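Colleague: Could you take me through this model before I look at it in detail? I will ask as we go.

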Protein chains: 2
Amino acid sequence: MSSGQKTWRVGVAGLGTVGGGLLQFLAERPDFAPAGGRAVVTAVSARSRSRERPVDISALTWFDDPVALASSPDIDIFVELVGGSDGPAKAAVEAALKAGKPVVTANKALIAVHGAALAVLAEEQGAPLLFEAAVMGGTPAVKMLREAMVGDDVKSVAGILNGTCNYILSEMEATGREFADVLAEAQRLGYAEADPTTDVGGFDAAHKVSILAALAFGCAPNFAAAEIEGIDQVTRSDIAMARDLGYRIKLVASADRSADGVLVRVHPSLAPLSHPLAQTGGALNALFIEGQRIGRIFVQGPGAGSGPTAAAVAADIADVMTGAVRPVFQAPATTLVPFTPVDPSRNSGRAFLSFLVKDEPGVIAAVSETLAEAGVSIESFLQKPTETPSEGVPIVMTTHAVAESVLNAALEQIAALPAVLGRPRLLRIARI
Amino acid sequence: MSSGQKTWRVGVAGLGTVGGGLLQFLAERPDFAPAGGRAVVTAVSARSRSRERPVDISALTWFDDPVALASSPDIDIFVELVGGSDGPAKAAVEAALKAGKPVVTANKALIAVHGAALAVLAEEQGAPLLFEAAVMGGTPAVKMLREAMVGDDVKSVAGILNGTCNYILSEMEATGREFADVLAEAQRLGYAEADPTTDVGGFDAAHKVSILAALAFGCAPNFAAAEIEGIDQVTRSDIAMARDLGYRIKLVASADRSADGVLVRVHPSLAPLSHPLAQTGGALNALFIEGQRIGRIFVQGPGAGSGPTAAAVAADIADVMTGAVRPVFQAPATTLVPFTPVDPSRNSGRAFLSFLVKDEPGVIAAVSETLAEAGVSIESFLQKPTETPSEGVPIVMTTHAVAESVLNAALEQIAALPAVLGRPRLLRIARI
């Protein structure tokens with residue numbers, strides 16, 4: 001191997017879960033040389049120098065400022081594990097690329113928001129910009145789309161990309177508790193952040209699927225165009241009644257390409273109980289990739305955690321060491337344009353509707369007449385006895401495929417019916 | 001991109017399903033330049049020059065001899081789609097590597113049998129040797145193990161790697177027909193070869209899992225050490241009775257690493273009906289990869305066919321164009337040793353046993369006493385009425401985990417019982 005003798009000096013900014021996992025892996029595997037050369041962490045930067053860590057960092061060069069580390073002449077590869085779409089993470093990645101240094105990052109927000117501009121910079125400088133750890137942790141979704149699918153035309157990707165939401169939904173189903181209750185427990189256990197908005201609001205999954213869409217379709221990430229709905233409105237009643245109809249609720253992130261453009265969306269969706277997505281429980285992630293020639297590939301694995309995510313960072317470091325030169329996304333960065341978003345209201349699909357109605361005669365007739373007049377065809381319907389009918393009676397139904405604009409108009413009318421309490425809830429049934 | 005202007009001249013030997021698919025893909029995508037440079041097929045070799053093909057080859061340089069094509073100065077990449085572990089395929093790949101040319105092949109037999117020696121040659125010459133299409137068609141199992149898992153220590157791989165066997169087993173279950181009948185139909189439909197031994201005998205799956213084991217564990221492929229059993233002895237009665245016990249029979253190929261060495265085996269195995277392997281039907285392939293740090297990754301996709309396999313070849317061509325330099329397997333080829341095989345009789349696991357016994361009193365007692373005396377503990381037992389008791393009564397059972405040597409000794413004794421007709425059948429229950 002031509003690079004057999006080389007030692008690559010790695011600078012790591014951010015020593016949280018992933019950074020600590022990476023240092024631990026390289027300490028356990030001092031012979032890590034998957035492409036001939038050896039990778040050795042020589043310099044680090046983090047918020048606190050003195051914090052207790054699984055690996056001794058006293059022999060490493062310390063930088064208070066990640067930007068100074070990124071542009072240091074004493075490192076050959078910069079690993080960014082600071083996080084955040086802007087601020088020091090972005091400044092440090094830009095500094096490394098401007099200095100011609102390969103960058104490995106786990107930062108989905110940075111790539112989803114600034115990926116196109118960073119790709120231009122990286123390719124101008126001839127420096128790789130790799131981000132396997134940004135999506136699905138140790139499961140190589142990025143590599144699959146970036147490298148393995150180049151001999152195909154990808155039509156769609158869809159999956160479960162946020163482990164925190166998946167854990168919360170699984171727990172809500174398993175224990176019959178409400179969202180707020182399970183979220184609070186997940187926060188106590190460290191499975192959810194103190195400010196959970198990024199995860200439960202669907203933004204993290206949207207960052208990830210925006211990156212996958214760019215890789216799949218050869219365009220610039222377009223996070224701003226993603227249609228995003230989180231899981232914070234999902235109730236235990238939704239979950240129980242979906243289950244009674246043979247479905248499980250999952251936060252599904254998807255990107256579909258059509259002649260009109262690309263529709264990127266994240267929303268709670270129903271999958272049949274036997275479906276691989278429904279069977280992806282706990283903190284697992286899963287992804288379907290559908291290609292014109294290859295057909296459908298399904299991959300499932302751990303989406304987060306120190307070990308898996310650090311392994312993805314290590315694999316990217318190995319890729320840097322191979323000397324491979326290829327575009328950051330599928331096409332040269334200077335040619336990338338953001339994909340054209342498709343108006344979601346033009347989308348058509350099956351839906352799961354949930355209503356809280358007054359316990360009085362004629363209500364169901366009024367709701368179903370409104371739907372029928374709008375042209376929405378009901379596929380299944382469920383009303384179960386409630387212990388507190390005075391607080392309203394929940395009813396749920398599934399529809400045949402219908403345009404969202406039609407459905408939304410019908411739901412507006414239903415919301416205005418005097419017997420309907422609160423807003424009707426709409427969840428989509430996953431198409432994959 | 002530094003390689004932005006380069007055109008790579010590709011020579012393709014073998015224009016069957018995969019070769020035809022590759023030519024068709026490149027004809028449909030004349031702008032195929034996933035790593036900056038363009039790939040253009042300029043020369044071909046096949047058995048018949050005049051055969052009807054989906055793509056016109058009259059403008060390409062024709063070679064009667066694939067070895068001459070492989071060493072031609074007018075090509076930059078050699079694609080070997082001839083097949084077979086020896087003969088012209090091996091000679092041509094050697095010739096290309098000796099001339100320093102990158103090689104892309106779909107030939108599992110060649111890599112499983114001669115992979116170690118070819119890797120030495122490739123690395124001496126600094127020429128990539130890539131074989132994504134050799135395993136799981138368009139599903140990137142090779143890339144996952146070769147590149148994505150380098151930041152981990154893989155403990156085991158296990159899966160369904162032969163689509164023909166999976167199709168036959170699925171059809172046997174769906175239609176209740178016997179093996180020979182379904183095989184004959186598969187041959188008529190072109191899903192099975194005229195000589196089906198490579199597929200139904202388990203050898204194709206063994207080639208593939210030998211390659212995956214080498215990539216997973218960083219050792220030389222050791223096809224000779226694989227323990228191989230095909231599906232030709234699986235009966236419709238086995239399938240029906242396994243199903244009655246909650247299992248489906250699949251041809252599972254696995255490689256497990258332990259302190260003693262590596263156990264590579266292919267055999268019909270039972271997976272619970274709800275298990276992802278049991279739900280991998282028809283011609284699909286599926287693979288579990290279990291890593292020390294990453295945990296368990298599952299990938300499922302089409303394992304064969306013109307489109308998927310040609311897409312895998314195209315992805316390898318793209319990888320060549322990136323200029324990446326890394327070992328063919330996980331470690332430099334000169335350091336590779338064949339893995340130490342583990343004696344399968346020392347292996348322990350749950351088993352499914354099937355007997356044909358005389359329809360007379362005391363038979364079941366005799367069988368179960370023999371098992372009990374040997375220390376084999378029965379987990380479930382099934383005997384169903386038969387329409388032809390004079391031909392023998394089938395009984396099946398599952399056992400708790402037991403060493404294979406113990407089980408085999410017990411089965412010898414049972415086979416010798418006068419009331420037992422024919423040889424008892426042993427199928428393993430998949431451990432994943």
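**A buried methionine and what surrounds the topic**

Modeller: M136(A) has a relative accessible area of 0%, so M136(A) is buried. Please keep in mind that this is a predicted model.

Colleague: Where is M136(A) placed in chain A?

Modeller: M136(A) sits in the loop between strand 6 (129–130) and helix 5 (141–148) of chain A.

Colleague: And what is the phi of M136(A)?

Modeller: The phi of M136(A) is near 65 degrees, a positive value in a residue other than glycine. Most residues other than glycine have a negative phi.

Colleague: What about M136(B): is that residue buried or exposed?

Modeller: M136(B) is buried, at a relative accessible area of 0%. M136(B) lies in the loop between strand 6 (129–130) and helix 5 (141–148) of chain B, and M136(B) has a positive phi of about 65 degrees although it is not a glycine.

Colleague: Turning to the two chains, how is chain A superposed on chain B?

Modeller: Chain A is superposed on chain B by a rotation of 180 degrees with 0.0 Å of shift along its axis, and the RMSD is 0.0 Å. The two copies are therefore related as by a two-fold rotation axis.

Colleague: Through which surface do the copies meet?

Modeller: The copies meet through the same surface, because 100% of the interface residues of chain A are also interface residues in chain B.

Colleague: How many residues does the contact take from each chain, and what area is buried?

Modeller: The contact takes 45 residues from chain A and 45 residues from chain B. About 3900 Å² is buried between chain A and chain B, and carbon and sulfur atoms give 58% of that area.

Colleague: How many salt bridges are there between chain A and chain B?

Modeller: The count between chain A and chain B is eight salt bridges. E28(A) forms a salt bridge with R293(B), with the closest N and O atoms 2.5 Å apart.

Colleague: Which partner does R293(A) meet within chain A?

Modeller: The side chain of R293(A) meets that of D152(A) in a salt bridge, at 3.5 Å from N to O. This pair links distant parts of the chain, 141 residues apart: D152(A) is in the loop between helix 5 and strand 7 (154–160) of chain A, and R293(A) is in the loop between strand 11 (284–291) and strand 12 (295–302) of chain A.

Colleague: Are D152(A) and R293(A) buried or exposed?

Modeller: D152(A) is buried, with a relative accessible area of 3%. R293(A) is also buried, with a relative accessible area of 18%, since buried means under 20% relative accessible area.

Colleague: How many salt bridges are found over all chains?

Modeller: A search of the whole structure finds 66 salt bridges over all chains. K143(A) and D319(A) form a salt bridge through their side chains, at 2.7 Å from N to O. K143(A) lies in helix 5 of chain A and D319(A) in helix 11 (residues 306–321) of chain A, so the pair ties together parts that are 176 residues apart in sequence.

Colleague: How accessible are K143(A) and D319(A)?

Modeller: K143(A) counts as buried at 5% relative accessibility, and D319(A) is buried with a relative accessible area of 9%.

Colleague: Which residues are linked with K143(A) and D319(A) in a network of salt bridges?

Modeller: The network of salt bridges links K143(A), R146(A), E147(A), D319(A) and R326(A) with K143(B), R146(B), E147(B), D319(B) and R326(B).

Colleague: Let us change topic to helix 10 of chain B. Which of its residues are buried?

Modeller: The buried residues of helix 10 (residues 236–244) of chain B are D238(B), I239(B), M241(B) and A242(B).

Colleague: Finally, the surface. Which residues make the nonpolar surface patch of about 210 Å²?

Modeller: I364(A), I378(A) and F381(A) make that nonpolar surface patch. I364(A) is found in helix 12 (residues 363–374) of chain A and counts as partly exposed, at 31% relative accessibility.

Technical notes: Residues numbered from 1 in each chain as written. Chains lettered and ligands numbered in written order. Predicted model: local features only at pLDDT ≥ 70, side-chain atom pairs only at ≥ 80, totals over all residues. Heavy atoms only, no water. Patch = residues over 30% accessible without salt bridge, like charges linked within 9 Å, V, L, I, M, F, W, Y side chains within 5 Å. Areas by Shrake-Rupley, 256 points an atom, 1.4 Å probe, with all protein chains shown as cover. Salt bridge = Lys/Arg side-chain N within 4 Å of Asp/Glu carboxyl O. Helix = DSSP H or I, 4+ residues; strand = E, 2+ residues; numbered from the N terminus. Buried < 20%, exposed > 50% of the residue type's maximum accessible area, 1.4 Å probe, protein only. Least-squares fit on C-alpha atoms with pLDDT ≥ 70 in both. Contact = heavy atoms within 4.5 Å. Buried area = accessible area lost by both parts, 1.4 Å probe.
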